[in-house]
Amino acid sequence: MEYNTQEVRNSWIIRFIIDNDYRILRHFILLSGILAVIAFSREITEYPRPYNYYRLACICGSIITMSYINMYFLVSQFFFKGRYLLYILLLLALVIAWLMIIGGLLSAYSPDYLVIRHKHDNHLRGYYEGTIILMPIILVTTMIKLFQRWTIDTERINELNNITLTMELNELRNQINPHFLFNMLNGIKALVRTDVDKATTVILQLSEFLRYQLYENNEVKIPLKSEIDFLSNFLELEKIRRDNLSVTLSCSIDPSVINNMLLPPSLFTIFVENAVKHSINISGAQSDITIRIETEGTMLCFYCYNSIDPDYIPSVDKKKGGLGLLNIKRRLDLLYGKAHTLTLAHTKSAYNVTLKIPYELYSIR
């Protein structure tokens with residue numbers, strides 16, 4: 001069953017369960033429900049006052065304590081990490097331990113006739129019955145946390161899909177457009193007259209460039225080599241369009257590993273596009289773009305530098321200006337959360353981008 005983001009947000013019940021705005025009210029209703037259920041149970045009503053209030057405080061306090069330990073420790077540290085058996089065992093141990101604590105507290109302050117009344121009770125049977133009763137109550141809080149996690153993940157996936165689609169459409173609109181192809185074909189036409197071999201190379205680069213945009217860009221994840229090849233082709237094509245553009249693209253990763261490294265497509269494209277756009281020098285001096293890709297431990301590092309002409313002010317589309325960078329930032333947040341770092345450093349003469357993301361390997365069979 002699929003839900004889009006708008007449907008999820010329009011449901012008041014779902015918003016009540018997951019939004020932080022309702023957190024206090026949620027907890028109040030949960031605590032009130034536990035108190036009401038226990039207060040009208042036989043465990044409380046069959047005992048005289050004021051001992052019944054003491055029992056109510058002990059039992060409710062214990063259930064509430066176990067519920068919060070479960071929600072904010074056991075679920076997050078074990079259940080959500082797939083350690084289900086260990087989670088069940090720890091939850092079982094928690095319930096039994098608290099049953100022993102409750103039994104001790106109730107016995108310590110019980111009137112004499114109640115102590116005599118329960119003197120010959122079977123403790124093992126009491127622990128068994130208490131566990132059967134308490135486990136489902138505690139597991140309700142697990143279901144609530146699981147539903148919250150599922151709903152938030154659904155929203156994240158839908159938002160990520162929307163952002164990815166928007167970025168793909170923008171890239172197609174910005175790069176595969178008549179103006180871009182017209183410039184490329186004109187450049188190839190001029191090369192055919194002067195350097196046939198270079199014209200052939202440019203045609204192959206343009207072919208690979210278009211193939212990536214039309215096919216590989218639609219995959220969920222692609223090899224790092226495909227991304228590097230695309231950036232290389234893109235920059236080589238830009239060098240044809242512009243004079244005095246110096247480009248350096250280096251990768252210090254072992255070639256045997258590059259094909260096995262996976263990442264979502266077009267993570268670096270926006271940064272390289274901006275580097276090309278903002279590196280124009282109106283005085284005719286050389287413009288520099290330097291891109292480095294390497295690894296640091298379990299992180300894939302992308303560094304992009306471009307020179308800036310302080311006198312050059314690039315044209316900005318007011319409808320789309322800045323959306324590419326905002327989209328990629330949000331996309332990185334949805335993909336990696338706090339596991340990634342993005343640093344943008346801007347001076348009068350240079351612009352630096354540093355992006356570090358976790359990478360994963362897969363085996364080619």
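These notebook entries record what I looked up in the structure, going from strands to loops, a helix, salt bridges and the surface.

**Entry 1: ground rules.** I am working with a predicted model, in which local features need pLDDT of at least 70 and side-chain atom pairs count only at pLDDT 80 or more, while totals for chains, interfaces and linings use all residues. Residues are numbered from 1 along each chain as its sequence is written, and side-chain values use heavy atoms, with hydrogens and water left out.

**Entry 2: strand S4 and its partners.** Two strands count as paired if DSSP finds at least two bridges between them. By that reading, S4 pairs in the parallel sense with S2 (residues 245-251) over 7 bridges, and within this pairing I found Thr-290 of S4 as the bridge partner of Thr-248. S4 also pairs with S5 (residues 299-307), this time in the antiparallel sense and over 8 bridges, with Ile-289 standing opposite Asn-306 of S5. I noted that S4 and S5 make a hairpin with 2 residues between them, and that Gly-297 in the turn has a positive phi of about 65°. As a reminder to myself, strands of a sheet pair through backbone hydrogen bonds, either parallel or antiparallel.

Entry 3: I then traced an open sheet of 3 strands, in the order S1-S3-S8, whose pairing is antiparallel. S1 (222-223) and S8 (360-361) are its edge strands, each pairing on one side only. S3 (residues 261-263) meets S8 over 2 bridges in the antiparallel sense, and Leu-262 stands opposite Glu-360 of S8.

**Entry 4: two serines in loops.** Which serine has a positive phi although it is not a glycine? I found Ser-266, at about 65°, in the loop between S3 and helix H13 (269-278). Most residues other than glycine have a negative phi. For accessibility I use buried for under 20% relative accessible area, exposed for over 50%, and partly exposed in between, with a 1.4 Å probe and protein chains only; Ser-266 counts as buried because its relative accessibility is 2%. Ser-279 lies in the loop between H13 and S4, and Ser-279 is also buried, at 1% relative accessibility. A polar atom of the Ser-279 side chain lies 3.1 Å from the backbone oxygen of Val-276.

**Entry 5: helix H13.** Why is H13 largely enclosed by the rest of the structure? Because 7 of its 10 residues are buried, and I listed them as Thr-269, Ile-270, Phe-271, Val-272, Glu-273, Ala-275 and Val-276.

**Entry 6: salt bridges.** I counted a salt bridge where a side-chain nitrogen of Lys or Arg is within 4 Å of a carboxyl oxygen of Asp or Glu, and the count comes to 4. One of them joins Lys-239 and Glu-236 at 4.0 Å, N to O; both residues lie in helix H11 (residues 224-241), 3 residues apart, about one turn of the helix. Lys-239 is partly exposed at 32% relative accessibility, and Glu-236 is partly exposed at 29%. Glu-294 forms a salt bridge with Arg-292, with the closest N and O atoms 3.0 Å apart, and Arg-292 is partly exposed with a relative accessible area of 34%. The side chains of Glu-296 and Lys-356 meet at 3.2 Å, N to O. This pair links distant parts of the chain, with Glu-296 in S4 and Lys-356 in S7 (residues 350-358), 60 residues apart. Glu-296 is partly exposed at 36%, and Lys-356 is partly exposed at 23%.

**Entry 7: cysteines.** How many disulfides does the rule give? With a disulfide taken as a pair of cysteine sulfur atoms within 2.5 Å, the count is 0. I also looked up the cover of two cysteines: Cys-251 is partly exposed at 29% relative accessibility, whereas Cys-301 is buried at 0%.

**Entry 8: a nonpolar patch.** Last, I noted a nonpolar surface patch of about 300 Å² made by Leu-25, Phe-28 and Ile-29. Patches are made of residues with over 30% relative accessible area and no salt bridge, like charges being joined within 9 Å and nonpolar side chains (Val, Leu, Ile, Met, Phe, Trp, Tyr) within 5 Å. Accessible areas come from the Shrake-Rupley method with a 1.4 Å probe, and for residues only the protein chains shown count as cover. Ile-29 lies in helix H3 (residues 23-39) and is partly exposed at 46% relative accessibility.

Technical notes. Helix = DSSP H or I, 4+ residues; strand = E, 2+ residues; numbered from the N terminus. Polar contact = N/O pair within 3.5 Å; in protein donor to acceptor, adjacent residues only side chain to side chain.
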